[in-house]
Amino acid sequence: MTKNLRMIDLFAGCGGMTVGFASEGFKPVLAVEWDRAAAATYAANFGEDHVIAGDIAAVPDEVIPEADIVIGGPPCQGFSNLGLKDINDPRNQLWREFMRFVKHARPKVFVIENVDRFAKSPEFAMLLAEADHGALVEYELQHAVLNAADYGVAQRRKRTIVIGSRIGRIELPAATHAKEPATGSGLLPWRTVRDVIGDIPPHPSTTELPARTSEIFGDPMPGVFRGLDLHIRRTPTSKSLDRYSFVPPGGGRFDLPAALLPNCWANKPTGTTDVMGRLRWDMPSVTIRTEFFKPEKGQYLHPQWEAGDWVEEYGKHRSDPVRSVDRVISHFEASLIQDFPSDYRWVGTKIQIARQIGNAVPSGLARAIAQQIKPHLLTVGASDARELSAA
Ligand SMILES: C[S@@+](CC[C@H](N)C(=O)[O-])C[C@H]1O[C@@H](n2cnc3c(N)ncnc32)[C@H](O)[C@@H]1O
């Protein structure tokens, strides 16, 4: 006999969290996501039958099933470093919706993931208060900021993870990887960009997704796409190409010759260093965001760069055009860095799919959390009414 561990994924996006939990044998019984393209990607991978493609606030209590675990990432723009810090931002109230689902699904465990600064927010303080003397009083909370790179993901991405348990304290998972593992620590070295995209063809043959539609939730939607369908390049101007050519691995806007700087940067000589940056082969990537396809948004240039001609006028080498790849990473490469399986099925336009990829929790991080929680769920409640035979 084994348990069929039932899970609810709220704010499910395209399913990054579910990928990790499903790989540990959890069975999704409900997913809620209001971005229809993201919900359709989720449905293309895990089935339409249990997906509500709508506003979480509109889901009636009566349709919330019982579950062993509720997982989810209420949107974080309200307190992200990149967004407004207005505590009255209605998006910050969405964690209360999460709590409503916990109340009705009666899970033994819940998991909240959010931006690294979540633990400093007033909403987090309210969550602690609920667990101390409010609606969540049965649950013991543990929280920490985890870096996906420490769990075998080829990306430095920090997220606050909260585990709430009413079956005894559950610690956050211990790291399995480290930047420079000490001898005898048992830790593996961080996985690198080379590990996950090193074999991908350097020169995508197309700029567009295939012209294909599928009916999902009764509507025709672009897709389903998978694998190299997503390996698309952009069409930069010759000036942009010129700029990329001067950025070595790990470098960024400060490597651009002054004559090639866009006005906005030329007039603002300080500020974010990783814009127009280039990834390094032998490091995990920077955080993949929703606009990874715009080099001016971060360190998203392909890591392959070898010095070519010396340009006297600028006092710098430009890239060797044969041994360098002067483009941003493709959607496929971004999905692999975000730890999606290479045959994951995607639905939506280029921009919608990029948003889904950038918003996701890397599955390796989710898997580590699932592995940590699963033994606790399996050892409690031999009398659990939902105990089922192994499929
Ligand atoms: C950080 S993303 C979740 C990513 C997901 N956990 C994953 O791993 O792929 C947050 C999601 O919440 C969704 N969302 C925001 N407000 C919502 C609402 N009121 N109802 C349902 N979904 C909502 C957004 O569309 C977004 O996809």
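How far from an oxygen atom of the ligand does a backbone N or O atom of Gly 16 lie? The separation is 3.0 Å, in a predicted model whose local features need pLDDT of at least 70, whose side-chain atom pairs count only at pLDDT 80 or more, and whose totals for chains, interfaces and linings use all residues. Residues are numbered from 1 along each chain as its sequence is written, and side-chain values use heavy atoms, with hydrogens and water left out.

**View 1. Residues around the ligand.** Of the 19 residues around the ligand, those that come nearest are Gly 16, Glu 33, Asp 55, Ile 56 and Val 361, where a residue counts as near if one of its heavy atoms lies within 4 Å of the molecule. Sorted by class, this shell holds ten nonpolar, six polar and three charged residues; Ala, Val, Leu, Ile, Met, Phe, Trp, Tyr, Cys and Pro count as nonpolar, Asp, Glu, Lys and Arg as charged, and the others, Gly among them, as polar.

View 2. A polar contact here is a pair of N or O atoms within 3.5 Å. A polar side-chain atom of Asp 55 lies 2.8 Å from a nitrogen atom of the ligand, while a backbone N or O atom of Trp 34 lies 3.2 Å from a nitrogen atom of the ligand. The protein covers 93% of the 610 Å² of accessible area that the ligand has on its own, as given by the Shrake-Rupley method with a 1.4 Å probe.

**View 3. The open sheet.** Seven strands, in the order β4-β3-β2-β5-β6-β8-β7, form an open sheet with mixed pairing. Because β4 (51-52) and β7 stand at the edges with a single partner strand each, one side of each is left without a neighbour in the sheet. Strands are DSSP runs (E, at least two residues), numbered from the N terminus, and two of them pair if DSSP finds at least two bridges between them. Strand β5 (residues 69-72) runs parallel to β6, joined by four bridges, and Ile 71 stands opposite Val 111 in β6.

**View 4. Strand β8 and its partners.** In strand β8 (residues 158-165), seven of the eight residues are buried, that is, under 20% relative accessible area with a 1.4 Å probe and protein chains only. Strand β6 (residues 109-115) pairs with β8 in the antiparallel sense over seven bridges, and Thr 160 in β8 is the bridge partner of Asn 114. Strand β7 (residues 140-147) also pairs with β8 in the antiparallel sense, over eight bridges, with Gln 142 opposite Ile 163 in β8.

Definitions and conventions: A polar contact is a pair of N or O atoms within 3.5 Å; within protein, one must be able to donate a hydrogen and the other to accept it, and residues adjacent in sequence count only if both atoms are side-chain atoms. Buried means under 20% relative accessible area, exposed over 50%, partly exposed in between (1.4 Å probe, protein chains only).
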